[in-house]
Amino acid sequence: MNQPEDKSRRSFIGAAAVGVAGLGTIALAPGLHLVEVSQANPTSAPSQGASSKVRWGMLIDTTKCATGCDVCVKACATENGINETLKDARQGSQWIRKIDLKDPKADHMHSLPMMCQHCAEPPCVDVCPTGASFKRADGIVLVDRHTCIGCRYCMMACPYKARSFVHQPLTEQNPEVPRGLGCVESCTFCVHRVDKGMKPACVESCPEGALTFGDLNDKNSEIAQRIARESSTQVRADLKLNLGVRYQGI
Amino acid sequence: MRTEQDIRNTREHETLFYALTMLGGLVTVAGLAAALYMEHAGHVVTGMNNQVVWGLPHVFAIFLIVAASGVLNVASIGSVFGKVMYKARAPLSGMLALAMLAAGLAIIMLDLGRADRLIVAMTHFNPTSVFGWNVILYPGFFAIVGIYLWTLMDRQMNPYYKAAGFAAFIWRLLLTTGTGSIFGFLVARQAYNSAVLAPMFIILSFAWGLAVFMVVQWIMFSWNEVSLNPAIRTRMKNLLGTFIAAAFYFVMIYHLTNLYFAKQAAFEHFILVSGGIFPILFWGGYVILGTLIPLILIYHPGLSQQKGSICLAAELVLIGAICLLYVFIIGGQVFPLDMFPGMIVSSSFYDGLIDSYIPSTPEILLGLGGFGIAFTAITVGVRVFKFMPEDDVTALDSTGHMLD
Amino acid sequence: MALMKRALVGFAAVLLLAPGVSIAGAAKPVITIENPGECIAPAEEMRRNHMEMLKHQRDRTMRQGIRGEKASLNECINCHASKTTGSVTGKGGFCESCHTYAAVNLECWDCHQPKAGKKHAEAAGVKP
């Protein structure tokens with residue numbers, strides 16, 4: 001297995017790409033960018049792409065997750081340009097949301113972030129008539145908006161209510177996160193960041209460090225070691241969907 | 001010799017025909033305009049949201065699609081099961097099926113978030129998706145029923161009508177299985193995910209399809225001032241009664257199996273008792289109006305012989321059908337997903353709450369537009385082609401087909 | 001022989017005239033190159049094949065996660081956006097002027113951001 005080597009190479013390329021991109025956008029003077037120089041002759045090779053050796057996952061420690069805190073939700077909205085307001089909030093997109101749980105028999109409350117669980121056997125992918133819902137080789141479940149026809153069958157099929165339908169035209173997208181009217185969308189694990197070797201915005205933003213992101217297949221990763229050592233659960237484990245997101249403390 | 005009275009009647013009929021066609025056309029145009037508006041402004045102008053993702057257009061569309069496959073049964077009884085009496089009704093049955101399926105599909109297509117990408121739906125195919133199968137099942141239905149109609153109406157093709165009729169019958173069973181399976185395989189929501197849904201939709205289609213047929217037949221006979229032979233009327237009404245009862249049995253089975261599983265009990269309580277509009281529509285709309293009263297109208301010795309009582313029964317069945325689908329589709333979605341069994345759940349995304357759904361004007365117009373398409377197609381169809389069932393009663397009597 | 005020659009000349013004339021006639025109705029698009037220099041391929045190739053390049057790149061990035069390829073919609077936008085409007089769309093925009101002329105409808109902007117240098121907002125605690 002040359003996985004560690006593979007990984008370090010990827011993160012090096014990622015870092016190089018970030019460096020080049022950073023250099024490219026340094027403003028020399030208002031309206032004049034170095035970008036022109038670097039654009040025509042990209043110096044870095046394209047990234048390797050998603051590998052089936054990797055399975056991205058997230059471990060959420062709900063004992064650290066504070067009721068009323070929504071830093072991760074805000075970080076997600078900022079990162080992914082979810083900034084529109086709708087008259088009826090039920091029509092608005094929520095890629096990640098905070099759910100408060102209360103056991104009627106117990107006093108204490110749980111709070112946890114809920115988002116696309118990036119199933120290994122995703123029902124949304126099964127039901128999508130055009131194949132727009134798909135799972136990348138590294139386990140990230142995405143919607144290809146180029147072939148999404150907006151039938152919302154995936155939203156009927158998702159057991160986690162993780163998907164949203166864009167109900168109105170959008171204009172203020174983040175250039176790296178295209179999203180638009182009439183298509184279904186959901187958490188991407190910040191795939192544009194992950195491909196550059198970074199972590200999802202929610203993971204980085206959490207002040208309590210309750211979210212751990214990593215490669216479930218890499219035995220040396222923190223997430224894989226903790227899942228092997230500590231107890232964790234999958235939401236609606238009865239469906240046997242083999243989720244990429246695991247919870248602790250519920 | 002035509003009398004002056006006849007000529008006047010013909011003229012009145014002519015005017016009425018154009019008026020009806022115009023009305024159907026106007027409703028269709030209103031529906032198309034609504035779809036265009038929804039397409040442009042987005043689904044923000046509808047009552048649908050991220051919890052109730054399918055709304056009134058889908059209720060109407062699924063009604064039309066299920067009834068379309070069911071109405072073809074009339075032809076199948078003639079061609080596949082050899083009941084001569086129904087053979088005279090086969091062309092009308094096939095035409096109704098095509099018109100209603102086209103209308104139902106039009107609604108579904110126009111409600112898509114990206115209706116402009118119809119070509120994507122046709123060229124990208126996911127074999128694990130029930131919707132994907134339907135992309136094959138629906139056009140296939142058009143083709144097979146089209147050929148079937150050809151074999152029925154063209155003397156040269158007539159030798160093949162049995163084969164075509166058999167193919168159409170098998171295909172319509174597959175199609176309704178597909179429609180039921182759209183919901184049957186959904187594990188996420190408690191209302192769906194049941195193996196009984198596919199057969200339930202087939203039985204429902206028998207009842208709804210025959211009801212549509214009988215209403216249209218009644219209107220056509222009245223229009224032409226012909227009366228249906230009492231023996232044929234009795235046979236058709238009894239068949240409708242059987243289908244209504246069988247459909248009711250399946251609906252009961254569906255709810256009883258749900259009640260058996262403790263985890264679905266809360267959902268059943270919502271639909272059958274506490275859910276506001278949904279229990280009202282279920283008990284009042286489907287059970288009383290759509291099942292019990294039609295059964296009384298059909299089987300009561302006195303009432304069943306009243307003029308128009310059977311047509312009224314069929315119309316009530318159709319009202320009950322819309323009520324049942326509304327409860328099934330909307331009621332099934334407003335009920336919250338049960339992600340954390342036994343916990344009290346709350347969130348900014350309305351987890352744990354019963355959602356509300358109020359259809360907006362564009363949605364209602366789009367749904368009605370579908371009915372406009374079906375209505376216009378049927379009105380023009382029965383005028384242009386020879387779809388009127390003609391019963392040779394003496395021949396039926398002498399060959400004993402009236403009794404078989 | 002003479003007949004054939006005449007026919008050929010006639011045919012050539014039709015070929016030459018036909019586009020002129022059909023185009024006469026619409027004004028030619030004015031294309032402003034904001035950053036003169038070399039594109040990722042010669043202009044002729046770009047004009048003919050940019051859609052194929054973008055489509056293949058789009059599918060590889062979307063489906064396989066391969067990023068940083070030569071063709072990239074965001075890079076097109078960054079280089080070609082108008083310096084006055086900041087966008088490749090709108091009247092006179094690099095993409096729009098040609099596509100309006102050719103009557104080829106662009107769906108890109110339903111989802112993609114057509115403005116260059118749109119600052120990527122950063123949430124607290126999130127490294128860019």
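Ala, Val, Leu, Ile, Met, Phe, Trp, Tyr, Cys and Pro count here as nonpolar, Asp, Glu, Lys and Arg as charged, and the others, Gly among them, as polar. This is a predicted model, in which local features need pLDDT of at least 70 and side-chain atom pairs count only at pLDDT 80 or more, while totals for chains, interfaces and linings use all residues. Residues are numbered from 1 along each chain as its sequence is written, chains are lettered from A in the order in which they are written, and side-chain values use heavy atoms, with hydrogens and water left out.

**View 1. The second largest pocket has 20 nonpolar, two polar and two charged residues in its lining.** A pocket is an open set of points on a 1 Å grid over the protein atoms alone, with protein on both sides within 12 Å along at least five of seven lines, and lining residues have an atom within 4 Å of a point. The volume here is about 800 Å³, taken as the space filled by probe spheres set on the points, which are joined across faces, edges and corners. Look for V216(B), I219(B), F375(B), I378(B) and T379(B), which lie nearest the centre among the 24 lining residues. Two or more residues each come from α1 (4–41), α2 (56–71), α9 (197–223) and α14 (361–384) of chain B. With seven residues, α14(B) gives the most to this lining. Helices (H or I, at least four residues) and strands (E, at least two) are DSSP runs, numbered from the N terminus.

View 2. N50(B), M339(B) and F349(B) supply 15% of the area that chain B buries against chain A, more than any other three residues.

**View 3. Three salt bridges cross the interface of chain B and chain A.** Each pairs a side-chain nitrogen of Lys or Arg with a carboxyl oxygen of Asp or Glu within 4 Å. In one of them, D355(B) meets R90(A) at 2.4 Å, N to O.

**View 4. The largest cavity has a volume of about 90 Å³.** Among its 15 lining residues, C128(A), S133(A), C148(A), C151(A) and C154(A) are the closest to its centre. A cavity is a set of grid points where a 1.4 Å probe fits but cannot get out. The lining divides into 10 nonpolar, three polar and two charged residues.

How values were computed:
Buried area is the accessible area (1.4 Å probe) that two parts lose on being put together, summed over both.
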